[in-house]
Protein chains: 2
Amino acid sequence: MAQIRLALAQLNVTVGDIAGNADAILRWAQHAADRGAHVVAFPEMALTGYPVEDLALRTSFVDASRAAMDDLAAKLAAAGLGNLTVICGYLDRDPEGYDRLGRPKGSPQNAAAIVHGGRVVARAVKHHLPNYGVFDEYRYFVPGDTLQVVTVHGIDIAVVICEDLWQEGGPVRATRAAGAGLLLAINASPYERTKDDERLKLVTRRAREAMCPLAYVNMVGGQDELVFDGDSIVVDESGTVVTRAPQFSEGLLTVDLDLAGTTRGADEYAGIRIERTVISDRPLPPYQPARSGIAPRLDEEAEIYTAIVTGLRDYVEKNGHRSVVVGLSGGIDSALTATIACDALGPENVYGVSNPSKYSSEHSKVDAAELAERTGLNFRVIPIEDIKEAFLRQLPLTGVADENLQARIRGMIWMSIANQEGHLVLASGNKSELAVGYSTIYGDAVGAYAPLKDVPKTWVWRLARWRNQRARELGETPPIPERSITKEPSAELRPGQRDTDSLPPYEVLDDVLDDYVEQDASAADLVAAGFDPDLVERVIRMVDAAEFKRRQYPPGPKITFKAFGRDRRLPLTNRWRESVTDHQPSPAPARAASPGEGPRG
Amino acid sequence: MAQIRLALAQLNVTVGDIAGNADAILRWAQHAADRGAHVVAFPEMALTGYPVEDLALRTSFVDASRAAMDDLAAKLAAAGLGNLTVICGYLDRDPEGYDRLGRPKGSPQNAAAIVHGGRVVARAVKHHLPNYGVFDEYRYFVPGDTLQVVTVHGIDIAVVICEDLWQEGGPVRATRAAGAGLLLAINASPYERTKDDERLKLVTRRAREAMCPLAYVNMVGGQDELVFDGDSIVVDESGTVVTRAPQFSEGLLTVDLDLAGTTRGADEYAGIRIERTVISDRPLPPYQPARSGIAPRLDEEAEIYTAIVTGLRDYVEKNGHRSVVVGLSGGIDSALTATIACDALGPENVYGVSNPSKYSSEHSKVDAAELAERTGLNFRVIPIEDIKEAFLRQLPLTGVADENLQARIRGMIWMSIANQEGHLVLASGNKSELAVGYSTIYGDAVGAYAPLKDVPKTWVWRLARWRNQRARELGETPPIPERSITKEPSAELRPGQRDTDSLPPYEVLDDVLDDYVEQDASAADLVAAGFDPDLVERVIRMVDAAEFKRRQYPPGPKITFKAFGRDRRLPLTNRWRESVTDHQPSPAPARAASPGEGPRG
């Protein structure tokens, strides 16, 4: 057995900011050394950020990543950290790469550098390239074909990258044959609901298969629609948790491990070549290990809420902004959006706007003002009636066109404030509305980011109640006016309008959507599950016709299995309309691509 | 040798309209039989349309495709076509499929059914799954692993699907070993500029490798951002063209071939199992072959213009619409967009709107009206000044916010007309503007479709001149006012504004964009090629910061190698800014995600 102090750096990096990320890596490596670590591991693609998308296909970007990693190695040594072994994800290229139709140009690879003594002494390359859900790695990377085992202080550390852990076969399968004392996985593994439970099950299983402890380091923070939840873990060879990092917060997890000493295992297993790099084969003199903690898990509402706050904060800040505009209708969606924005950016950076029309109820105006009062956000009232009248003098409108006009005047006001004063606009729509197209494109759908995009309406209420309850527990003022939570939803675009004029009750709608969208249940499945056939056909028709609006909606933090966008994408021209009785599509023409269609324009 | 009459059905189908597509296949099969064909081949995924995107992952959709193919086989027999061999693309599933993380759920396959005597007698499955550019097939399909050879009237026909022809190895490589008399490839191969030349080179090479004639049948028509150009071809074993179909038009290409009779070739080659199905091994009695023609190629401008017209027409019609709204500024982009719309839908279905402001020049108003006069489209004038004043009374604006407001009032007017009267809005932006973010989101960027989205500004002029010249050649009135072509571009959002206030001259800009966007050249490459370093950095900064706007822009027909969207996609939060001097990113904060940023909001 041999001892080692391992540090896992759960970092929040920014895509493309190679210089800034390198600085952060250097700083955290110093911190790890200060805490006596012998090895420090950073997440997948920590140097470039993840996901880099088409930047991977730019030769200059791959060159920059490679050069920055060499430079980082030199800087580590210059800072007196040459003896620290640093394992860090970056973008590299296949040294034997070649160009061929359909193969990523320049042969980019998702790699880990093993740095010691001022240089990159070895590299591990991701073997399994996920190409489902939010991932497109088959498009961007060339896979690796070896398992890298690096010996540090007499311990054989097998290094793998993210999906390598999730898939059967590949380098993880070779770990036991390699006789590794530790399996180290570096990750950029995005949050989704209950992902932490899945992750724990996975690392437990893989540790048992590898017959050695497993250390798992993950990213934190938001990047476009992804939110990384951290949750770095170390388990022992039986899968028992040794230490675990908090969710969603940046930090260094340090752990003392007593591991099997170096062995000469196989050089190849099941088609995977095992490559060995010895940094030091002498075990450390025995020392007193420090104790490591296990961070408590967030409960379900706290976890989802924190994911959304994290996603919003990073989206705004990493794009060089500080402040946001939110239209406040007095309803629950905008109230929760504004509250989340206050938690993410501070109320002084949130600019609420109330835009009453002649159809706005008294309580809408009061509740919007009360939300501002409770949260302390900046508030102003800009009525839309005069603008609307000026517009209608030029172009008389009726029905849905008239309703859309009101929503679009509001959107134009928010965008004008944002352009004039330098904020970003937040869209307040939720996942249920978005699923069925219940929004006005270029109206309430304007904005740079949509915090509730992946939150079903029933969960909007649940999160609002939870947020108020948490405030009460902390002795603070609950931010959301009670009436915004309890009142019946209405777009207030015509007299007496209610959401249920166009939609089923949200409790029912959310159940149908969960089955149809998340589970890919068929119309027949839904009827078999007890839903009303007419309701099923109606909802499916709305969902399939709303693809255009969904694609044009602002990005938002992904929190469920299937968020609209990359991991659920229908054709725009799509005449497929499932019937509850058979598998024949209805002959009725689809009208999916019109921005003016749907229950609201 | 043995004779056969082969028909290639170059069809325009609609994604999801399985019933409608099946009817069309039946109709064209009847037509092929009427013309004496023994075998008729339909394009890849002709039954479902292509690309089906996430529909492939719905069990109910795969079931529907399979059931419809069986039903089609029965209907063909019932119609007296049981002796005709029909080869047709559809969505099937791997009979030995299994579910695993990262594998498409339900094991969908991109397949060809070989139909005879009222049933599906064999199937071929696509082997190479493209996952680059506009393709995501690795996400949607499970690959096949055999080469299907079907013997019809004593001729061995090897059947492959699209990408199988483009990639080395796989079933095409096994064709010669299989001793096939004909290699038949069914395709859904999207248009891009000069694609027909690439295609001809490819089929020539493959025919020589396979040592037998090659028949290539392709789709026509628009589907979302793709346009299929048809261009079905038959070459002999030396690669010489025997017959070739017109570009962009639906039709049946019929050819008499005299081919090597059936042989018993290998059962396996280079890991590909060769599967054989005998429909009839008796050669036909000799008959007098008919002659087949070779359709002339369109010249470059005609080809691009026709692709755009085709894409627009199908996008509108397949979505159940007939008419469009176009804002007419008097400038070249809107003039060309409206002209294309008139050619696609007829001028009676095109609604032009002029929205002058106090900054609009006299010639802008005159030129917009003259375009309407020349083309015969519906025309109205709605000034924006009163609406703008009503707005500014509520919310005073200056600078870019004020410029954006004008563009947004116009967008709101077009959307209102579309909603009120039931049209789709067309956006008039070109690829150069879109590349650098020179547009107002929710303003001139509103719309269901953007015909010029992939057309660089210098090509906008070129197409406009070509269209007018074609009119003159035909003795018709040139649709586009000469001054719209010759005047200096201006957004006219402030007094005396010119595009060159914010942008380099378009001739220079388009050259830089071609290198940076299409060729992935680095900043250093561009400087080495002779561009001014400041200009290069400025253009790159604009391009990298405009990703948000590009993603929110309406879809449009893809005509070049790299269209914005699926096949060029940058992160939204992206601090990578290439410098001309080295590979280090600049430390300046990116401001990519703000809808209010860029040379125009």
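The discussion below takes up a domain interface and then a pair of helices.

Mentor: This is a predicted model, in which local features need pLDDT of at least 70, side-chain atom pairs count only at pLDDT 80 or more, and totals for chains, interfaces and linings use all residues. Residues are numbered from 1 along each chain as its sequence is written, chains are lettered from A and ligands numbered from 1 in the order in which they are written, and side-chain values use heavy atoms, with hydrogens and water left out.

Trainee: How much area do domain 1 of chain A and domain 2 of chain A bury between them?

Mentor: Chain A is divided into domain 1 (2-285) and domain 2 (301-495 + 547-551), with bounds from an automatic or database domain assignment. Buried area is the accessible area (1.4 Å probe) that two parts lose on being put together, summed over both. Of this area 53% lies on carbon and sulfur atoms, and the total is about 1000 Å².

Trainee: Which residue forms a salt bridge with E225(A)?

Mentor: A salt bridge requires a side-chain nitrogen of Lys or Arg within 4 Å of a carboxyl oxygen of Asp or Glu. The count between domain 1 of chain A and domain 2 of chain A is one. At E225(A), the closest N and O atoms are 3.3 Å apart, and the partner is K453(A).

Trainee: At what angle do the axes of helix α5 of chain B and helix α6 of chain B cross?

Mentor: Axes are lines fitted to C-alpha atoms, for helices over the stretch in contact (heavy atoms within 4.5 Å), and angles run from 0 to 180 degrees between N-to-C directions. Helices are DSSP runs (H or I, at least four residues), numbered from the N terminus. The axes of α5(B), residues 171-178, and α6(B), residues 195-210, come within 8 Å and cross at roughly 40°.

How values were computed. Helices (H or I, at least four residues) and strands (E, at least two) are DSSP runs, numbered from the N terminus.
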